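The sequence and structure come first.

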Amino acid sequence: MASLLIKNAQVVSHDDELINQDVLVEDGKIAAIDVVLDAQADRVIDAKGALLTPGLVDIHVHFREPGFEYKETIATGSKASARGGFTTVAAMPNLNPVPATVAAFQQVQAKNASDGVVHIEQYAAISEGLTSDDVSDIQALADAGAVAFTNDGKGVQTAATMLTAMKAAAAVDRPLVTHLEDESLMNGGVMNLGKRSEELGLPGIDPLAESSQLARDLVLAKAAGVHYHVAHLSTKESVALVRMGKQMGVKVTAEVSPHHLLLDENDIDGDNALFKMNPPLRAPEDRAAVIAGLLDGTIDMVATDHAPHSVEEKERSFVGAAFGITGIETSFQLLYTHLVKPGIASLEQLLNWMITQPAKAFNLAAPTTLAVGEIADLALFDLETAHTITADEFVSKGVNTPFIGETIYGQTVLTVVAGNVVYEA
C-alpha cells in the first residue's frame, strides 16, 4: 500500500484553535503527526492550509440499491459521500427487497463491500416491507452484521410491534432507530400544517404525527431498556420530549438534518418540490428549537438523510412529487458556512456532531481523532475559498436540493479511506 504525506494542513486543537500539522500515512494508518515531517512517502500532498479532520460519519443515508438504482446506486452514493468528506456512512433499508431477512441483508451487504469506496454500515428492517407487524429475526440480522434496526420511511404504527422490536434490539445491543410518523395524523399532507400551507393551498402534515409517536416510544424505550435513536427530529415538541426522555433515564439519542437547521416553511418559494421532504420543513420556532437543542446537547448529532430522486420525480407539483433532499455532498459545507462562520457554533462542535457523536452512539470503528495508530480515514476541507453550488457538480445521481445557487465555504479537497485516496478535487 502506497504511503502518503500530507503537508501544511491545519487541525482543530482542543480549544478550537487551528494549528499547523503534517501527517504521514503508512499501511492504511496514521504513522506520524508533527508540525513538520521530513519523512519519505510515495506521494506528498500540499494541503496549503486546508483543514484536516478524521473522515465525517453519517448514520442516515439512502443509497437506493437494490430496487431503485435510477435514483442512486451504492457506487454513486459512496462516491458522493467521499466528495462530501464522509468516510463512514450507514445506509437505510427502504430497498427492494427490503433487508428484513438474512438473505436480503447479505445481498446488499455484499454489494456495499464490492461497490462502495467508503465504509458502509447497513441497517436491517424492523419488519417485512417496513410495514408488517411481524418483527424481523433481529438476532439473526445482528449476527449478520446489521448496525441498527429501522423501518425508515414508515412509522411503526402499533405500540406492541414497537415494544417487541425494542426488546429484541436491546437483547442484541443494537440501536432501534425510529422514523416518527403516525399515519392517522398525516392527512395526505405534503408540507407542514400551518400558515404557509394555507397560503400555498397545499395539504398539511400535522406536527403531532411526529411528536405524539415520540412520546409513546420514549415510554416504551424506558421499559425495554433499548438504545432508542430518533431520526431527523424536526419539531419543538420533539426537542422537549427528547430532553425529558434523557432526564427520565431513557437511553435516547437524536439526530437533526442540515435542512431542518437551515430552512423553515417560510423558505418554500411556491409549489417547488425541491422543498418537499419528510419530515417537512417546519415553522421558524421549530427551526430555532432544533438549533437550540443541538447546541445544548439534547440533539446529539447531525445526519444528512441523503435522499436522492430522479429529476422527473421532483419536477412535479408538491402534490405527487417524491419526498426527499440530497445532502451528503453539501452538508458540512452548508453548516460550516451558516453555523460556524457566523459564530453560532464552533468548528469543534460541528466536528463533534458530524464525527464523534455518531461514531460513539452507533459503536462504529470510525476514527474520531487524528492520532498515530488510527485508521487513516481523513478529509481535507478548504475553509477559505467561496464556492457556488451548481446542479452539474454532483457526483450523486440526485440533484434534488434547494441549495443550488448557494455560496458556501469548506469544499472538500481530499478524502482518504484506510490510506487510499478516494476523492480529490
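## Terms and basis

Axes are lines fitted to C-alpha atoms, for helices over the stretch in contact, and angles between N-to-C directions run from 0 to 180 degrees. Helices (H or I, at least four residues) and strands (E, at least two) are DSSP runs numbered from the N terminus.

The model is predicted: local features need pLDDT of at least 70, side-chain atom pairs count only at pLDDT 80 or more, and totals for chains, interfaces and linings use all residues. Residues are numbered from 1 along each chain as its sequence is written, and side-chain values use heavy atoms, leaving out hydrogens and water.

## The sheet

An open sheet is formed by six strands in the order S9-S10-S11-S14-S15-S16, with parallel pairing (two strands pair if DSSP finds at least two bridges between them). Strands S9 (124–125) and S16 (301–302) are at the edges with a single partner strand each, so one side of each has no neighbour in the sheet.

Three bridges join S14 (residues 228–230) to S15 (residues 252–256) in the parallel sense. Val230 has Ala254 in S15 as its bridge partner.

## Helices

Helix H6 (residues 208–224) packs on the sheet and touches S11, S14 and S15, where contact means heavy atoms within 4.5 Å. The direction of H6 makes about 160 degrees with that of S14. Helix H4 (residues 159–171) lies across S11 (176–178) and S14, at about 145 degrees to S11.

The axes of H6 and H7 (residues 236–247) come within 9 Å and cross at roughly 10 degrees. H6 is therefore roughly parallel to H7 (angles under 35 degrees count as such). Among the residues making this contact are Leu214 and Leu218 of H6 and Leu241 and Val242 of H7.

Notes: Angles under 35 degrees count as roughly parallel, over 145 as roughly antiparallel, 65 to 115 as roughly perpendicular and the rest as oblique.
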